[in-house]
Amino acid sequence: MLTQDKLLEMYYKMVLIRAFEDRVHELFVQGRIPGFVHLYAGEEAVAVGVTSHLRKGDYITSTHRGHGHCIAMGVDIKGMMAELFGRKSGTCRGKGGSMHIADFEVGMLGANGIVGAGGPLAVGAAFAAKYRGSGDVVVCFAGDGAQNQGAVLESLNAAAIWKLPLIFVVEDNQYAISLRSLSSTKLQPRISTARSVAERAVAFGIPSVTVDGMDVLAVYEAAKAAVERARAGEGPSLLDCKTYRYYGHFEGDPMVYRSVEEVEEWKKRDPIKLFRERLVRGGVVEEVLDDIRRKASLEVEEAVRFAEESPYPEPSEAYTDVFTDPYY
Ligand SMILES: Cc1ncc(C[n+]2csc(CCOP(=O)(O)OP(=O)(O)O)c2C)c(N)n1
Ligand SMILES: [Mg+2]
């Protein structure tokens, strides 16, 4: 049973992700953030519903759309914002940027610019957890497009044969860049002939379930069963979460492949709105929720100030904290 404190913490994390992403969108439009940025707004229920089951010692792997995963795991947003700005005070000292934020202290093994690359990392971490007998679990977040990467398919197979404590979370936000994921349309080709990723998992001997990814409590319930299975040594599971990204694939995407009506239709079931209505029906007063929202906005403003006031790394530091050999 979820306590009121836990429910409010989940709400806080969801609004913090949204506030962070909406602000980053504005900053990018103003030309204040360099590089490539992929926003998670609209998908908050997935990251928060799943990670609400995690404890110290558990790990996640993430994607190029990783801000939501970071915030859900408790990565400090000041460091994240500074990382996006390329500053020395960033989570990865300004050298990772949006697509490479990692914070091992909180179990966040890293966002990743290589689609599907989180799969093998998650298998390694889950193998280690099993080997140690620690009861820790690993969550691999990956998009619908990533499900067609060989590395992800190999990861499903390895997790199944080694019975690893691993939960594969598919974030089916309907698109891989501009291509519809598994659902066909008259205008666009499918990128896979599989009927669903959940069905495909069964072929690997992995129990799977399709989940309403806009409903944080539905995600929470589905993840509960999967995490319990993993902790009990019963092996991997897969959650196929149906969700939607509100912004373009990347910041600057002209979004010619989808209609405004389609976006508006999904927004009617906005995950934060749905959860808020649920909480109010359950007796939480609106003012408490408004305060949480205000607190989140203030924290994001504080993070922007912190980032802008932080220095860039010194040129002499260019080769520290990176893994390539500059002389190779
Ligand atoms: C191995 C690899 N192939 C292609 C790309 C280019 N790319 C970046 S994101 C993306 C689509 C990913 O779609 P999905 O997995 O559904 O994630 P989403 O962006 O929808 O969250 C592609 C093909 C890449 N980064 N890495
Ligand atoms: Mg996608």
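Colleague: At what angle do helix H4 and helix H11 pack?

Modeller: This is a predicted model. In it, H4 covers residues 77-84 and H11 covers residues 286-309. Their axes lie 8 Å apart. The packing angle is about 45°.

Colleague: Are H4 and H11 roughly parallel or oblique to each other?

Modeller: Angles under 35 degrees would count as roughly parallel. The angle here is about 45°. H4 and H11 are therefore oblique.

Colleague: Is the crossing of H4 and H11 left-handed or right-handed, and which residues of H4 make the contact?

Modeller: H4 passes H11 in a right-handed crossing. On the H11 side, the contact uses Glu299, Val300, Glu302, Ala303, Val304, Phe306 and Ala307. On the H4 side, the residues are Ile77, Lys78, Met81 and Ala82.

Colleague: How many nonpolar residues does the contact of H4 with H11 have?

Modeller: No polar residues take part. There are 3 charged residues. The nonpolar count is 8.

Colleague: How are H1 and H10 oriented, roughly parallel or roughly antiparallel?

Modeller: Helix H1 spans residues 4-29, and helix H10 spans residues 271-281. Their axes come within 10 Å and cross at roughly 155°. Angles over 145 degrees count as roughly antiparallel. That makes the pair roughly antiparallel.

Colleague: Which residues of H10 make the contact with H1?

Modeller: H1 passes H10 in a left-handed crossing. H1 brings Leu7, Tyr11, Met14, Val15 and Arg18 to the contact. H10 brings Pro271, Ile272, Phe275 and Leu279.

Colleague: How many charged residues are in the contact of H1 with H10?

Modeller: By class, 8 residues are nonpolar. None is polar. The charged count is 1.

Colleague: Where is Phe36, and is it buried or partly exposed?

Modeller: Phe36 sits in the loop between H1 and helix H2. It has 14 other C-beta atoms within 10 Å. Buried would take 20 or more. So Phe36 is partly exposed.

Colleague: Which residues does Phe36 touch, not counting those up to four places away in sequence?

Modeller: Leu84 is 48 residues apart from Phe36 along the chain, with 9.3 Å between their C-alpha atoms. The residues that Phe36 touches are Ser98, Met99 and Phe250.

Colleague: How many residues of H2 are buried?

Modeller: H2 covers residues 44-51. The buried residues are Glu44, Ala45, Val46, Ala47, Val48, Gly49, Val50 and Thr51. H2 is mostly covered, and the count is 8 of 8.

Colleague: What is the phi of Ile177?

Modeller: Most residues other than glycine have a negative phi. Ile177 is in the loop between strand S4 and strand S5. It is partly exposed, with 13 other C-beta atoms within 10 Å. Its phi is positive, near 55°.

Colleague: Where is Met255, and what is its phi?

Modeller: Met255 lies in the loop between strand S7 (237-242) and helix H9 (260-267). With 13 C-beta neighbours inside 10 Å, Met255 counts as partly exposed. Met255 is not a glycine, yet its phi is positive, about 55°.

Colleague: Which residues are closest to ligand 1?

Modeller: The ligand is surrounded by 16 residues. By class, 6 are nonpolar, 7 polar and 3 charged. The closest are Val115, Gly143, Gly145, Ala146 and Ala176.

Key. Residues are numbered from 1 along each chain as its sequence is written. Chains are lettered from A and ligands numbered from 1 in the order in which they are written. This is a predicted model: local features need pLDDT of at least 70, side-chain atom pairs count only at pLDDT 80 or more; totals for chains, interfaces and linings use all residues. A residue is near a molecule or strand if its C-beta atom, placed from the backbone, lies within 6 Å of it. Ala, Val, Leu, Ile, Met, Phe, Trp, Tyr, Cys and Pro count as nonpolar, Asp, Glu, Lys and Arg as charged, and the others, Gly among them, as polar. Axes are lines fitted to C-alpha atoms, for helices over the stretch in contact, and angles run from 0 to 180 degrees between N-to-C directions. Helices (H or I, at least four residues) and strands (E, at least two) are DSSP runs, numbered from the N terminus. Angles under 35 degrees count as roughly parallel, over 145 as roughly antiparallel, 65 to 115 as roughly perpendicular and the rest as oblique. A crossing is left-handed if the near helix is turned anticlockwise from the far one by less than a right angle, and right-handed if clockwise. Two residues are in contact if their C-beta atoms, placed from the backbone, lie within 7 Å. A residue is buried if 20 or more other C-beta atoms lie within 10 Å of its own, exposed if 12 or fewer, and partly exposed in between; C-beta atoms are placed from the backbone.
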